[in-house]
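Work through the exercises below with the sequence and the model at hand. Each task is followed by a solution in steps.

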Amino acid sequence: MDPFGVLKESGYGIAAQALTAIIRAQDGRGPQTMLTNSILNTLGLSSSDELIGWTYADRSWARIAALVPEVVSCAEAGDQIANKILVDAVQELALSVKAVVQRLCLCGEDGNGSFPIVMVGGVLEANKRWDIGKEVISCIHKNFPGARPIRPKLIDELSKCMAQQTTT
């Protein structure tokens, strides 16, 4: 986690990287990506040139984070840029968990102790084939086989209510 910048593993961070990839593809600093057409269509924009204006018109994190499903869809369709953004986010989340587990000695001396991992946040919600939460748990289990993911239902309901309030 980067306390001084954008967290790559957050919904905002994932979407911000996608927006950056689109701009990089447009100006020739990066490869072409399916993200361009997917996100422009979702936003109702006709060209990448309009993306900066859209971004600065309302810089709320939720508005930008709402583009994560487009990144997931592009990754599922085989886009390498979208896939790398998601893989990097998964690795960052797993590293964050690893740091906390080690600092708090949650896994016991042998590293095999059982402990819960509370899975909350829109990024960790199951998507089609590219399930960020499932991938994070898979990475965590490589180091900590005793980790038990739990998804509190009350928090899921509160998250949904909060998301609805930010979009209305």
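**Exercise 1. A residue in helix H6**

Task: Which residues does isoleucine 85 contact, leaving aside its neighbours within four places in sequence?

Solution. The model is a predicted one. Step one is the contact list: isoleucine 85 touches Ile14, Gln17, Ala18, Leu35 and Val71 once neighbours within four places in sequence are set aside. Step two places the residue: isoleucine 85 belongs to helix H6, residues 80-104. Step four is accessibility: the relative accessible area of isoleucine 85 is 6%, so the residue counts as buried, the cut-off being under 20%.

**Exercise 2. Helix H2**

Task: Which residues of helix H2 are buried, and against which helices do the buried residues pack?

Solution. Helix H2 spans residues 35-43, and its buried residues are Leu35, Thr36, Ser38, Ile39, Leu40 and Leu43. To read the spacing, recall that an α-helix has 3.6 residues a turn, so residues three or four places apart point the same way. The packing partners of the buried residues in H2 are H1, H3, H5 (68-76) and H6. After H2 comes glycine 44, with a positive phi near 70°.

**Exercise 3. Another positive phi**

Task: What is the phi of cysteine 105, and is cysteine 105 buried or exposed?

Solution. The phi of cysteine 105 is near 55°, which is positive in a residue other than glycine. Cysteine 105 is located in the loop between H6 and S1. Its relative accessibility is 59%, so cysteine 105 counts as exposed, given a cut-off of over 50%.

**Exercise 4. Aromatic pairs and a charge over a ring**

Task: How many aromatic pairs does the structure hold, and over which ring does the charged end of arginine 63 sit?

Solution. There are 2 aromatic pairs. One of them joins tyrosine 12 and tryptophan 61, with 4.1 Å between centres and 20° between planes, and is stacked. This pair links distant parts of the chain, with tyrosine 12 in helix H1 and tryptophan 61 in helix H4 (residues 61-65), 49 residues apart. Tyrosine 12 has a relative accessible area of 17% and is therefore buried.

Phenylalanine 115 and phenylalanine 144 form an edge-to-face pair, 6.0 Å centre to centre with 75° between the planes. Here phenylalanine 115 is in strand S1 (residues 115-118) and phenylalanine 144 is in the loop between helix H7 (132-143) and strand S2 (147-150), 29 residues apart. Both phenylalanine 115 and phenylalanine 144 are buried.

For the charge, the end of arginine 63 sits over the ring of tryptophan 54, 3.7 Å from the ring centre.

**Exercise 5. The second largest pocket**

Task: Which element gives the largest share of the lining of the second largest pocket?

Solution. The volume of the second largest pocket is about 230 Å³. Its lining includes Tyr12, Ala16, Leu19, Arg29, Leu51 and Arg59. The largest share comes from H1, with 5 residues. By class, the lining has 8 nonpolar, 2 polar and 2 charged residues.

**Exercise 6. The whole chain**

Task: How many helices and strands does the protein chain have, and in what order do its elements run?

Solution. The protein chain has 8 helices and 2 strands. From the N terminus, the order is α-α-α-α-α-α-β-α-β-α. Of its 168 residues, 39% count as buried.

Note on methods: Residues are numbered from 1 along each chain as its sequence is written. This is a predicted model: local features need pLDDT of at least 70, side-chain atom pairs count only at pLDDT 80 or more; totals for chains, interfaces and linings use all residues. Side-chain values use heavy atoms; hydrogens and water are left out. On a 1 Å grid over the protein atoms alone, a cavity is a set of points where a 1.4 Å probe fits but cannot get out, and a pocket is an open set with protein on both sides within 12 Å along at least five of seven lines; lining residues have an atom within 4 Å of a point. Grid points are joined across faces, edges and corners, and a volume is the space filled by probe spheres set on the points. Helices (H or I, at least four residues) and strands (E, at least two) are DSSP runs, numbered from the N terminus. Ala, Val, Leu, Ile, Met, Phe, Trp, Tyr, Cys and Pro count as nonpolar, Asp, Glu, Lys and Arg as charged, and the others, Gly among them, as polar. Rings of Phe, Tyr and Trp (its six-membered ring) pair if their centres lie within 6.5 Å; planes under 30 degrees apart count as stacked, over 60 as edge-to-face and the rest as tilted. Buried means under 20% relative accessible area, exposed over 50%, partly exposed in between (1.4 Å probe, protein chains only). A charge sits over a ring if NZ of Lys or CZ of Arg is within 6 Å of the ring centre and within 35 degrees of the ring normal. Contact means heavy atoms within 4.5 Å.
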